[in-house]
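Please find my notes on the model below. They are set out as numbered points, each on one topic.

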Amino acid sequence: MDKLRRVLGGQEEEDQGGLTEVLDASTLSYSTRIKCFIICFAGGILCSILGTALLFLPNGARLFAVFYTLGNVAALLSTCFLMGPLNQLKRMFEPTRLLATCVMLLCLILTLCSVFWWDKKGLAIIFCILQFLAMSWYSISYIPFARDAVMKCFTTCLS
């Protein structure tokens, strides 16, 4: 719609190649965005499950950390198809999600560092658990009042 307004208003549009089309999720049709979201999200879940299955193989901790981290990244990137990458980044770093986003991204990096540089398999598993918790906390921030319900549930269980 903005393109139509610019053309009708006589404003020249700078040609930035395909970058603007990639960064703008609205250039894809609704059904294409949903299909890409489902494929990317399912691929992320598949990678996470595959990583968990590979944990029990010899030298499987490295494969587990890599596949589990790739799965979380793919699941996170899948939402870019729904709202666009720029909107996704803006929403990720809103004050309500800032802590969860930072913890999640830090744990993604630390998981890979603990496996490849520090060679600490137990630490990698701990970071994967923290990835899961941060990703869950981040995900429920999109559901109205879900965080409050989870906090109340834990408070009730601990009391």
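The points go from the overall fold to individual residues.

1. Basis of the notes. This is a predicted model, in which local features need pLDDT of at least 70 and side-chain atom pairs count only at pLDDT 80 or more, while totals for chains, interfaces and linings use all residues. Residues are numbered from 1 along each chain as its sequence is written, and side-chain values use heavy atoms, with hydrogens and water left out.

2. Secondary structure. The protein has nine helices and zero strands, so that its elements read α-α-α-α-α-α-α-α-α from the N terminus. Helices (H or I, at least four residues) and strands (E, at least two) are DSSP runs, numbered from the N terminus.

3. Burial and surface. Of the 159 residues in the protein, 26% are buried. Buried means under 20% relative accessible area, exposed means over 50%, and partly exposed lies in between (1.4 Å probe, protein chains only). The accessible surface is about 10700 Å², and carbon and sulfur atoms account for 72% of that surface. Areas come from the Shrake-Rupley method with a 1.4 Å probe; for residues, only the protein chains shown count as cover.

4. Contact range. Taking contacts between residues at least 6 apart in sequence, 59% join residues at least 24 apart. A contact here means heavy atoms within 4.5 Å.

5. Nonpolar core. Which residues form the largest nonpolar core? There are eight: Ala-75, Leu-76, Met-92, Ala-100, Met-104, Ala-134, Met-135 and Tyr-138. Two or more of these residues come from each of α4 (60-78), α7 (98-116) and α8 (121-140), and α8 gives the most, with three. A nonpolar core is a set of buried Ala, Val, Leu, Ile, Met, Phe, Trp, Tyr and Cys residues joined through side-chain atoms within 4.5 Å. Ala-134 touches Ala-100, Val-103 and Met-104, when residues up to four places away in sequence are not counted.

6. Salt bridges. The structure holds two salt bridges, each defined as a side-chain nitrogen of Lys or Arg within 4 Å of a carboxyl oxygen of Asp or Glu. One joins the side chains of Arg-62 and Asp-119 at 3.9 Å, N to O. Arg-62 lies in helix α4 and Asp-119 in the loop between α7 and α8, so the pair ties together parts that are 57 residues apart in sequence. Arg-62 is partly exposed at 31% relative accessible area, and Asp-119 is partly exposed at 45%. The side chains of Glu-94 and Arg-97 also meet in a salt bridge, at 2.6 Å, N to O. Glu-94 is partly exposed, with a relative accessible area of 32%, whereas Arg-97 is buried at 7%.

7. Packing of α8 on α9. How do the axes of α8 and helix α9 (residues 146-158) cross, and at what angle? They come within 8 Å and cross at roughly 130 degrees. The axes are lines fitted to C-alpha atoms, for helices over the stretch in contact, and angles run from 0 to 180 degrees between N-to-C directions. The two helices α8 and α9 are therefore oblique to each other; angles under 35 degrees count as roughly parallel, over 145 as roughly antiparallel, 65 to 115 as roughly perpendicular and the rest as oblique. Trp-137, Tyr-138 and Ile-140 in α8 meet Ala-146, Arg-147, Val-150 and Met-151 in α9.

8. Backbone points to check. Most residues other than glycine have a negative phi. Asp-119 has a positive phi, near 55 degrees, and is not a glycine. Phe-145 also has a positive phi, of about 65 degrees, although it is not a glycine. Phe-145 lies in the loop between α8 and α9 and counts as exposed at 67% relative accessibility.

9. Cys-113 is found in helix α7 and is buried, with a relative accessible area of 16%. Its C-alpha atom is separated by 9.7 Å from that of Leu-123, ten residues apart along the chain. Ser-114 also lies in helix α7 and counts as buried at 0% relative accessibility. Leaving aside neighbours within four places in sequence, Ser-114 is in contact with Asp-119, Lys-120, Leu-123, Ala-124 and Phe-127. Ser-114 and Ala-65 are 49 residues apart in sequence and 9.1 Å apart in space, C-alpha to C-alpha.
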